[in-house]
Amino acid sequence: INKTIFATGNDDLRPVMSGVFCQLSDDSTVFVATDAHRLVRYRRTDIKSKQAGSFILPKKPLTLLKNILPSEETRVKVDYNEANAFFSFENYELICRLIDGRYPNYEAVIPVDNPNVLTIDRVAFLNSIKRVAIFANKTTYQVKLAIKGSELAISAEDADFANEANERLSCQYEGEDMEIGFNARFLSDMLSNLEFENVTIEMSAPNRAGILVPANSENESEDILMLVMPVMLNN
């Protein structure tokens, strides 16, 4: 829930995207959330189902469930039918109505060929984004990443108030020099919800989605991928 719920949408016209999509199979369970600007795909190979199934859990009951789940290890039983999901553990039973509808084909939007790969310290990158974002335009929250060799330059400006900020970080980078713009809020959310020391951003072009993944995952049964759409730069 923690890894996905922040990326759900709030659009009343597209209710299926306001929940978390759960896809069960005999080899893994996949949780997906997207608001059309960013997407999170969280896969667990240690949770399996004898028969394939899928359903969309609404955000409100998931938030409630997150708050009442105990911090220590607890087995949670999940039953579901076409209309409802039932969660039971310890002294709690939570019943919620599922979101009716067909979830968009999320696999189709994940770019496969991303030759430009940036690896950087997650905390240093997150803190830098937060500092620079203070000076970003309050409508777009745009920050620019300019990557050249082993240096990442992060900048933001708000022309209306003549604000500007620049920071430089060292990184590992393979690929062509590039400049790409992202929404600082989306980047911060994603980096805050990853618990890894280093993260990798895979990119293909300034107008194509960037993919955020852990640089070194210690848990083999966990696979997480975050995607964020770029903001067009005003050069």
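Let me start with the aromatic side chains: Phe 21, Tyr 103 and Tyr 106 are joined into a cluster by ring pairs. Please keep in mind that this is a predicted model.

How many aromatic pairs does a search of the whole structure find? There are five. One of them is formed by Phe 31 and Tyr 42, with 6.3 Å centre to centre and 35° between the planes, a tilted arrangement. This pair links distant parts of the chain, 11 residues apart: Phe 31 belongs to strand β2, residues 29–34, and Tyr 42 to strand β3, residues 38–44. Phe 31 counts as partly exposed, because its relative accessibility is 21% and the limit for buried is under 20%. Tyr 42, at 11%, counts as buried.

Phe 89 and Tyr 92 make another pair; their ring centres are 5.4 Å apart and their planes stand at 35°, so this one is tilted. Phe 89 is buried, at 3% relative accessibility, whereas Tyr 92 is partly exposed, at 39%.

Next, the charged side chains. The structure holds 13 salt bridges, and I will go through some of them.

Lys 3 and Glu 195 meet through their side chains at 3.4 Å, N to O. The two residues are 192 apart in the chain, with Lys 3 in the segment before β1 and Glu 195 in the loop between α3 and β14. Is Lys 3 buried or exposed? Lys 3 counts as buried, since its relative accessibility is 11%.

The salt bridge between Glu 107 and Arg 41 spans 3.6 Å, N to O. Glu 107 sits in the loop between β7 and β8 and Arg 41 in strand β3, so this contact ties together parts 66 residues apart in sequence. Glu 107 is partly exposed, with 38% relative accessible area; Arg 41 is buried, at 11%. Both residues also belong to a network of salt bridges that takes in Arg 43 and Asp 223.

Arg 168 and Glu 151 form a salt bridge at 2.8 Å, N to O. Here strand β11, residues 163–170, holds Arg 168 and strand β10 holds Glu 151, so parts 17 residues apart in sequence are tied together. Arg 168 is exposed, at 58%, and Glu 151 is partly exposed, at 36%.

Strand β9, residues 142–148, is mostly covered, with five of its seven residues buried. On the β10 side, Ile 147 stands opposite Leu 152. Two residues separate β9 and β10 in their hairpin, and Gly 149 in the turn has a positive phi of about 60°.

Asn 183 comes up again at the start of α3, where one of its side-chain oxygens reaches to within 2.8 Å of the backbone nitrogen of Arg 185. In helix α3, residues 184–192, the buried residues include Phe 186, Leu 187 and Leu 191.

Last, the surface. Ile 1, Leu 69, Val 76 and Val 78 make a nonpolar patch of about 250 Å². Val 78 is found in strand β5, residues 77–80, and counts as partly exposed, at 39% relative accessibility.

Conventions. Residues are numbered from 1 along each chain as its sequence is written. This is a predicted model: local features need pLDDT of at least 70, side-chain atom pairs count only at pLDDT 80 or more; totals for chains, interfaces and linings use all residues. Side-chain values use heavy atoms; hydrogens and water are left out. Buried means under 20% relative accessible area, exposed over 50%, partly exposed in between (1.4 Å probe, protein chains only). Helices (H or I, at least four residues) and strands (E, at least two) are DSSP runs, numbered from the N terminus. A polar contact is a pair of N or O atoms within 3.5 Å; within protein, one must be able to donate a hydrogen and the other to accept it, and residues adjacent in sequence count only if both atoms are side-chain atoms. Rings of Phe, Tyr and Trp (its six-membered ring) pair if their centres lie within 6.5 Å; planes under 30 degrees apart count as stacked, over 60 as edge-to-face and the rest as tilted. Patches are made of residues with over 30% relative accessible area and no salt bridge: like charges are joined within 9 Å, nonpolar side chains (Val, Leu, Ile, Met, Phe, Trp, Tyr) within 5 Å. Accessible areas come from the Shrake-Rupley method with a 1.4 Å probe; for residues, only the protein chains shown count as cover. A salt bridge is a side-chain nitrogen of Lys or Arg within 4 Å of a carboxyl oxygen of Asp or Glu. Two strands pair if DSSP finds at least two bridges between them.
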